[in-house]
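Here is a short briefing to read with the model open beside you. Take it one topic at a time.

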Amino acid sequence: MAQALGVIPQEQPVKQVMAWLRVLQFLSIGALGLSTPFVSLYLNDIGFSETYLGILLAIGALLEMTLIPVFLNLADRRGLHRLMYRLFIVGFAISNVLYFGSTHIAVLTVAFLLAEITIRPSVVMGGQLVLSMQNRGVGKLGNMRFYAALGFAAGGFVANWLIGKGGFPLSFLVAGIVGLVSLVFTGVFPASITDHHEKHAPAPRRPAFKILMVGLFLVSIGLRAGFAFWFIHVRNNVGVSDDYIGWIVALFPIGELPFFLLFDPMLKRLGGRLTFILGLGGFSLFWIGTAFITSVWWLIPLMLIRGLVFVMYHLGTFVLIQEVSDPRNIATNQALAQITIPSLAALITSAPMGWIFENWGALPFFAICTVTGLVGTAVLVVNYRMLKPIQAVA
């Protein structure tokens, strides 16, 4: 274990490094599958209204957009990427223990906000660390994220059983434990994703990156709100009971699994820009499709379509940000594009979007999610030529 929490020696066989990476992906994202889909349901059950949940999302977004870029900028400057990743996992675990240990509104609010400022940063930092290892000739991003999706599916299945035995809090407790266990395998990552920190002057950000942030801001209006209320809609409007929510959670990654394996050849054929834009547009249409489903059986084909476009959008984000970023500020740019910008969108729109869902219903809510997503996609299409990889511009 001491070696696991340190640095894996250079002479370590590649096969063993790959095995550790797969286990880490499985456990770290599996912990999310045990917890994140059920938080809004649990809080809704114990009296948190959709409007109040929207307000909490906005507060969490404010904390994310102010704190996380500072943390990741520090990681870039000091080469502390692995340490920062570990801290995010510990924060996530603590939040789940708080969910398990209390029903007091103040404690649950702290738990919710702590999760808000650790979950997305852990996914972003973990993805960038995987990508950095790919650049060093170890593993492929799509292949590694396959095991992450497998972990999320397993988490959903196990959560379904745990919820039946002890309710949502029991699943939260196990999520925290699994998250902490995953720390054992984080030593497979390098301490830093780059050796450029503190060797050069700060790198400027290209216009392409700024255009990308504009598009992502518009898309994030629907993404953040849509994810927050999707499971409430499926339970309250489609009629999926709590006994089967875990199975629905597992459908998400199962629909993604084949496309994670196909992502690397797809990326080679289409390139980062086109892969990302197609995924973004397709995922925006997923929201309006959700609004019209009337039976749980429609979720199966919907999840397969979602699996393709989500993988293109999710992994395409990492690739495109890296392509338009200087090596000296990759982690900071990942934080700005994947955390700060979505958090800003959530800060401005989460409370009104929660009110819309509560008072106007699912169709207007998901229609707004789709329209804002398509407008954001259009911004990137119009500026397609400017999104060339930095190597092609140099």
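What follows covers a helix pair, the nonpolar cores and one serine.

This is a predicted model, in which local features need pLDDT of at least 70, side-chain atom pairs count only at pLDDT 80 or more, and totals for chains, interfaces and linings use all residues. Residues are numbered from 1 along each chain as its sequence is written, and side-chain values use heavy atoms, leaving out hydrogens and water.

**Helices H3 and H5**
- The axes (lines fitted to C-alpha atoms over the stretch in contact) of helix H3 (residues 50–78) and helix H5 (residues 105–116) come within 9 Å and cross at roughly 50°.
- In contact (heavy atoms within 4.5 Å) are residues including Tyr52, Leu56 and Gly60 of H3 with Ile105, Phe112 and Glu116 of H5.
- The residues of this contact divide into 8 nonpolar, 2 polar and 2 charged.

**Nonpolar cores**
- A nonpolar core joins buried Ala, Val, Leu, Ile, Met, Phe, Trp, Tyr and Cys residues through side-chain atoms within 4.5 Å, where buried means under 20% relative accessible area (1.4 Å probe, protein chains only).
- The largest has 82 residues, and Phe38, Leu43, Trp230, Phe276, Phe365 and Phe366 touch the most other members.
- Helix H9 (residues 207–238) gives the most to this core, with 16 residues.
- Another core, of 40 residues, lies apart from it, with Trp20, Ile117, Leu129 and Leu131 among its members.

**Ser284**
- Look for Ser284 in helix H10 (residues 242–292).
- Ser284 is buried, at a relative accessible area of 2%.
- Not counting residues up to four places away in sequence, Ser284 touches Thr370, Gly373, Leu374 and Thr377.

How values were computed
Axes fitted to C-alpha atoms, helices over the stretch in contact; angles between N-to-C directions. Helix = DSSP H or I, 4+ residues; strand = E, 2+ residues; numbered from the N terminus. Nonpolar A, V, L, I, M, F, W, Y, C, P; charged D, E, K, R; others polar. Buried < 20%, exposed > 50% of the residue type's maximum accessible area, 1.4 Å probe, protein only.
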